[in-house]
Amino acid sequence: MRVTVSRKAHFNAAHRLYRKDWSDAKNDEVFGLCNNPNFHGHNYELIVSVTGEIDPQTGYVMDMKDLKDLIKIEVEDAFDHKNLNLDVPEFEDLNPTAENIVVVIFNKLRARIHADMDLEITLYETPRNFVSYSG
Ligand code: NI
């Protein structure tokens, strides 16, 4: 039996959407207010879902304490109260859209979760706008 277990997490972060290789006019045209040079913030919410077999010994798919600790180290400690463009190396040359953020989070967690398990990340940039990635 494969079962999905999920944990919610949260971080606050600032970002600016722009491409260094585009003119200011083109960045304004494409990214609008999200291209504000002084940055703006979001209250990001995420759902991390791990799907795998129930371990007959423990009855767990994964110890939720382990999942909580992984999310803290790889996501919260790395992104919370940070400026994604300036403070987070993954976004030095990668536009920190919700789409790119969810892929970065997926890749960080994927490397730390057993290969037998499936992983899906859903990232809310606002209560109404959210993206998902499962590899
Ligand atoms: Ni934004």
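The legends below describe close-up views of one predicted model. Residues are numbered from 1 along each chain as its sequence is written, and side-chain values use heavy atoms, with hydrogens and water left out. Because the model is predicted, local features need pLDDT of at least 70 and side-chain atom pairs count only at pLDDT 80 or more, whereas totals for chains, interfaces and linings use all residues.

**View 1. The nickel ion and its three histidine donors, His-15, His-40 and His-42.** Each of these residues coordinates the nickel ion through its NE2 atom, at 2.0 to 2.1 Å, and along the sequence the donor residues follow the spacing H-x24-H-x1-H. Donors are N, O and S atoms within 2.8 Å of the metal (3.2 Å for Na, K and Ca), and water is not among the atoms, so sites may look incomplete. His-40 and His-42 are both buried (buried means under 20% relative accessible area, exposed over 50%, and partly exposed in between, with a 1.4 Å probe and protein chains only).

**View 2. The largest nonpolar core, with 32 residues.** Such a core is a set of buried Ala, Val, Leu, Ile, Met, Phe, Trp, Tyr and Cys residues joined through side-chain atoms within 4.5 Å, and here Phe-11, Phe-79, Ile-105 and Leu-123 touch the most other members. At least two residues of this core come from each of β1 (2-15), β2 (40-53), α2 (64-79), α4 (98-110) and β4 (118-124), with α4 giving the largest share, 7 residues. Helices (H or I, at least four residues) and strands (E, at least two) are DSSP runs, numbered from the N terminus.

**View 3. The surroundings of Leu-123.** Leaving aside neighbours within four places in sequence, Leu-123 is in contact (heavy atoms within 4.5 Å) with residues including Phe-11, Tyr-44, Leu-46, Ile-101, Ile-105 and Phe-130.

**View 4. The salt-bridge network of Glu-74, Glu-90, Lys-108 and Arg-112.** A salt bridge is a side-chain nitrogen of Lys or Arg within 4 Å of a carboxyl oxygen of Asp or Glu, and by this rule the count comes to 8. Glu-74 pairs with Lys-108, their closest N and O atoms being 3.8 Å apart; this pair links distant parts of the chain, helix α2 and helix α4, 34 residues apart. Glu-90 also forms a salt bridge with Lys-108, at 3.7 Å between the closest N and O atoms. Lys-108 counts as buried because its relative accessible area is 16%, whereas Glu-90, at 34% relative accessibility, counts as partly exposed.
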